[in-house]
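Trainee: Could you walk me through this one before I set anything up? I'd like to start with the charged pairs and then turn to the nonpolar packing.

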Amino acid sequence: MAQRKATSLQTPLLVCNWKMNPQSLREARALASKIIRAARYAPPASVLLAPPFPYVAPLHALLKGQRAVALAAQNSTAHEQRALTGEVSYGMLADMGVSRVIVGHSERRYIIGETDKTINEKVALIHAHGMTPLLCVGETKKTTPAKALAFIEQQLVRDVAGFDKRAHFSIAYEPVWAIGGSKEVDPSYAAHVIEGIHVFCAHHFSSVPRVLYGGSVHCKNIDDFLYYRDTINGFLIGSASLRAQDMTIIIKKIYGKR
Ligand code: PGA
């Protein structure tokens, strides 16, 4: 498999997608504190916490005085600021130090029913407000890398339509069938698809997006994925990001101890 030096030089990103967890602010603070401690040798803003909205402000306060861990949002609105019950404006997210926003996660695509049109609108708004979209893509059923890639290319075309070719964004490749721990992907399969995404992006965009892998990554299989660290530019982690011990091991393996 061809190695891509340009991307391998980028610092890997580690994004903790907490989804609807933990159930109390006390637990959220305790978990975040342990991750901050584990990440103290990691490069600036390389570890991202994506907590549920109610914990964003308290964690923003907790993150002060350190640089390794930053905040991401799990979701964002498809609307500019206006009278709109239940939405959170981009200004509020920016004021709370949110630098990246997850968009197009499969749970929002297939459980909430978010369309590529909505995702495309969100990608544009995230960017317009000075944040970096972390666009999630991935095939729904286990297939071949070539078929997965064809599916993902369609998603990318629709989700970033009209987006400035030079604009900064990142991608998380998450095979939907491998999310949540029931089935694990072969890391060579993931690397193969990600290599294809890199090639596609090199043709369509002038900026080189980082491409992360997500789907059942934990402390026991992280080494297998890190074997492909020249291709896989980081990880989007769900369940294991709620376990401080797993995260401590994963952070050490990715960033080492300097
Ligand atoms: P998982 O979730 O690590 O629990 O598979 C990943 C995700 O949904 O982003």
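Mentor: A salt bridge here is a side-chain nitrogen of Lys or Arg within 4 Å of a carboxyl oxygen of Asp or Glu. Please keep in mind throughout that this is a predicted model.

Trainee: OK, so how many salt bridges does the structure hold?

Mentor: The structure holds nine of them. One joins the side chains of Asp159 and Arg109, with 2.7 Å from N to O, and this pair links distant parts of the chain, since Asp159 sits in helix α7 (residues 145–159) and Arg109 in helix α5 (residues 106–112), 50 residues apart.

Trainee: Is Asp159 buried or exposed?

Mentor: Asp159 counts as buried because its relative accessibility is 0%, and Arg109, at 8% relative accessibility, counts as buried too.

Trainee: Which other residue forms a salt bridge with Arg109?

Mentor: That is Asp116, and in this salt bridge with Arg109 the closest N and O atoms are 3.0 Å apart. Asp116 has 19% relative accessibility and counts as buried, because the cut-off for that class is under 20%.

Trainee: And what about Arg158, which meets Asp116 in a salt bridge?

Mentor: The side chains of Asp116 and Arg158 come together at 2.7 Å, N to O. Arg158, at 39% relative accessibility, counts as partly exposed. Through shared partners, the salt bridges join Arg109, Asp116, Arg158 and Asp159 into one network.

Trainee: Switching topic, which residues touch the most other members of the largest nonpolar core?

Mentor: That core has 72 residues, and those touching the most other members are Leu14, Leu49, Tyr173, Ile197, Tyr213 and Phe235. Helix α8 (residues 187–204) gives the largest share of this core, with eight residues. Apart from it lies another core, of 12 residues, including Val15, Leu48, Cys136 and Leu212.

Trainee: Back to Tyr213, then: what is in contact with it, leaving aside neighbours within four places in sequence?

Mentor: With those neighbours left aside, the contacts of Tyr213 include Tyr173, Pro175, Ala178, Val185, Ala190 and Ile194. Phe225, Ile232, Gly234, Phe235 and Leu236 are also in contact with Tyr213.

Note on methods: Residues numbered from 1 in each chain as written. Predicted model: local features only at pLDDT ≥ 70, side-chain atom pairs only at ≥ 80, totals over all residues. Heavy atoms only, no water. Core = buried A, V, L, I, M, F, W, Y, C linked by side-chain atoms within 4.5 Å. Buried < 20%, exposed > 50% of the residue type's maximum accessible area, 1.4 Å probe, protein only. Helix = DSSP H or I, 4+ residues; strand = E, 2+ residues; numbered from the N terminus. Contact = heavy atoms within 4.5 Å.
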